[in-house]
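Trainee: I would like to go through this structure and ask what the terms used for it rest on. Please show it first.

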Amino acid sequence: MTARSRLTTSLATLLVMGGAGGLFWWGAQAAADFIETRSTEEVRAALAAAGQDWVEVRADGLEVRLTGTAPSEVERFRAMSQAATAVDATRVLDRMTVAATEAMTPPEFKVELLRNDAGISVIGLVPASTDRVALMRQLRTETAAPQITDLMESADYPVPEGWTEALDYGVAAVQASAQSKISIQPGRVQVTALAGSAAEKARLETRLQEARPEGLALQAEISAPRPVVSPFLLQAVMDARGMRIETCAADDEDAREKILAAAEAAGVAGSPACTLALGAPSGDWGDAASLAISALAELGAGRLTISDADVALLVPATLDRGALNRVTQSLDAALPRVFALTAEQEQAEDAPRGPVEFVATLSETGSLTLRGGIADTRMREAVDSFANSRFEVARSTLRPSPDVPGGWTVRMIAGLEALGVLASGSVQVTPELITLSGTSGDPDAPRTAAALLSQRLEPGLPFELAIRYDRLLDEGLGLPDGEECVARLNLIMSESEIGFEPSRSSIAGDPAPTLRGLGTAMEDCAEFQIEAGGHTDSQGSEGFNADLSRSRAQAIVSAMAEAGIDVGNMTSRGYGESQPIATNETEEGREANRRIEFRLMSPHRVRSAPLPEPVVVTGVTGADPAPEAEAPAPAVAAGGFGPERPQVQGPVLPGPAPQMQGPVLPAARELSLAPRTLGASEEFQTLDEREESIRLPVLTPTPETPRPSARPAGVGAQDEDLTAE
């Protein structure tokens, strides 16, 4: 009994313990399945959110295995990192593989050679097989660049086709230009360079084309300094065929765009050429030109000429006079203040005669054109003769007219004489008014012209003067011309002790005395375009000498600029060994060939400031003229007008002679500046009477003409004896 009870108790205990164990196993299994399922879902959700659906996720207890084929090693790493955001990173096992990578495309090889006064920089990506040391050595030995900087990187890929030819050509191109950017790619080279002049630009373009290997694509963009245009000119014509721009100059891109926009609005076909140049009379050139083009388009026919600050409209006789007046008044009010407008209308042969007038125009080159009415053929010959004695007459279309008033020829000659005070301009004579306008280098030109008209004409005739002072034309200032400026600079350089270190552009010695002399010479010469040219002997390679001479010329210009000298219009150029002045076989000859020479690029000065506004004077002959509006006057010398000029040196002249003793004689009348006319009375004559004096005929002798009687006997013999003695 006791044994059976014990057996039953043991069996019950085993059953209870087995049931508890089974219950624990089931709980653990359920917990593991929950953890695996939860981990798998969370990792899959994280990977799906990152767009990595190619990853397969399987949990085994606490471990999370990632399998699948990653597109790249980067994507494989990203998958591991993304899974670690959902579960602990130590639980993630990487069982992924990476897809086999295809052969990579070679990179784009490209090199840029950047050259300026500081040196040459080489930037870009080259094949690993490129001999960079040899490339730097070639640039260093074939150019005189002060510094060569290697900023290249290399890649171990095969050399692409056309790379070697393009690189060699690019190195040769950078040797030819001191200011350039050379972009080199396989089979293609782009050259962007700045030339010292238009001629140098043409030479560089020719050199690049001749050296270009066959099959190499070349894109060259060579620019040069703007030329000096004098006079600064724009000419446009409008007729039945529409508007055409015959000549166009602009001082900057903005002005050119304004001019071309006005031309396009006026109906000009295509894009007319408009040269960017120096020499504009004002910074408002573009505004003035566009306004004038629009006015010509509004008129519908005619010719427009803008020469410096003078705007001239010539319209056909068929144009309505009222329309012309309306357009010209509007244009005159809109033009910038420096510009002066004149408008003329042609006269038809069979049209009713309008008011008679005479117009003479003097161009900047000194040629004169005459047109208008004249009394008769004899008066025309007299006026033409007077004009030819004073000017270079290019054209004369004077026509006899019965409508000219009395004294008309005298007025014409007086107007021409007043026009002679100007360097360029025009005079218009009408029965009611004499109008003179233009530019002069004499600050007293308005006063001189008014005095001439008053002296030559009878009192009471009205006149209007609008004369602009141009300092560059003032002979009284003694300004040197371009050739004189260059001669002074070269003389200073020939006497200077400025030298250069061997094979370098560094200035040796003290340049201060030479720079002081150059500064003094440039005070009156800075407005000329001048080139500083460097020259070497024949030692060294041709390319090295060209670069060395260019660097030395630039060093002189830079030193002048640092010394405060105005070199805004000065350029530098290297000629190398191409222009020797002595033999290179001796040391003396080589020393003479190593030099800096200045050369004049244009005989015209570059106008650095706009012309002043014209001095306007109105008055009548015989009265004191009064200026209506005067432009700012230049520095006035004590006791005089115009710029102060240096005192003329010379011997001291004796003072006035002491008054002679004797009877008091009647005072002589004050002499007039007007020339005496043959047959005219010394008393003042009217214009009609003075004009008749011009008409005096040449009398031929007749039998009735009184003749002197015969000389007394012996008088002739006595004269012969005196002659013999």
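Mentor: Start with one term: contact means heavy atoms within 4.5 Å. Keep in mind that this is a predicted model.

Trainee: Which residues does leucine 304 touch, leaving aside its neighbours within four places in sequence?

Mentor: Leucine 304 is in contact with Leu234, Gln235, Ala236, Ala292, Ile293, Leu296, Val311, Ala312 and Leu313.

Trainee: What makes a set of residues a nonpolar core?

Mentor: The members must be buried, come from a list of residue types that includes Leu, Ile and Trp, and be joined through side-chain atoms within 4.5 Å. The largest such core here has 42 residues, and Leu234, Ile259, Trp285, Ile293 and Leu304 touch the most other members. Elements that give two or more residues to this core include β10 (233-239), α6 (253-265), α7 (285-299) and β14 (302-307). The largest share, eight residues, comes from α7.

Trainee: Why is serine 572 called buried?

Mentor: Its relative accessibility is 17%. Buried means under 20%, so serine 572 counts as buried. In the chain, buried residues make up 37% of the 725 residues.

Trainee: Where is serine 572 placed, and in which element?

Mentor: Serine 572 is in strand β26, which covers residues 570-576. The chain has 17 helices and 29 strands.

Trainee: How do you know that the side chains of serine 572 and glutamine 554 make a polar contact?

Mentor: The distance between them is 2.6 Å. The cut-off for a pair of N or O atoms is 3.5 Å, and one atom must be able to donate a hydrogen and the other to accept it. The pair therefore counts as a polar contact. Leaving aside neighbours within four places in sequence, serine 572 is in contact with Ala532, Ala553, Gln554 and Val557.

Trainee: How do you know that β22 and β28 pair?

Mentor: Strand β22 (residues 462-469) and β28 share six bridges, in the antiparallel sense. Pairing requires at least two bridges, so these strands pair. Leucine 465 stands opposite valine 617 in β28.

Trainee: Which residues of β28 are on its covered face, and which are on the uncovered one?

Mentor: Val615, Val617 and Gly619 form the covered face of β28 (residues 615-620). The uncovered face has Val616, Thr618 and Val620.

Notes:
Residues are numbered from 1 along each chain as its sequence is written. This is a predicted model: local features need pLDDT of at least 70, side-chain atom pairs count only at pLDDT 80 or more; totals for chains, interfaces and linings use all residues. Side-chain values use heavy atoms; hydrogens and water are left out. Helices (H or I, at least four residues) and strands (E, at least two) are DSSP runs, numbered from the N terminus. Buried means under 20% relative accessible area, exposed over 50%, partly exposed in between (1.4 Å probe, protein chains only).
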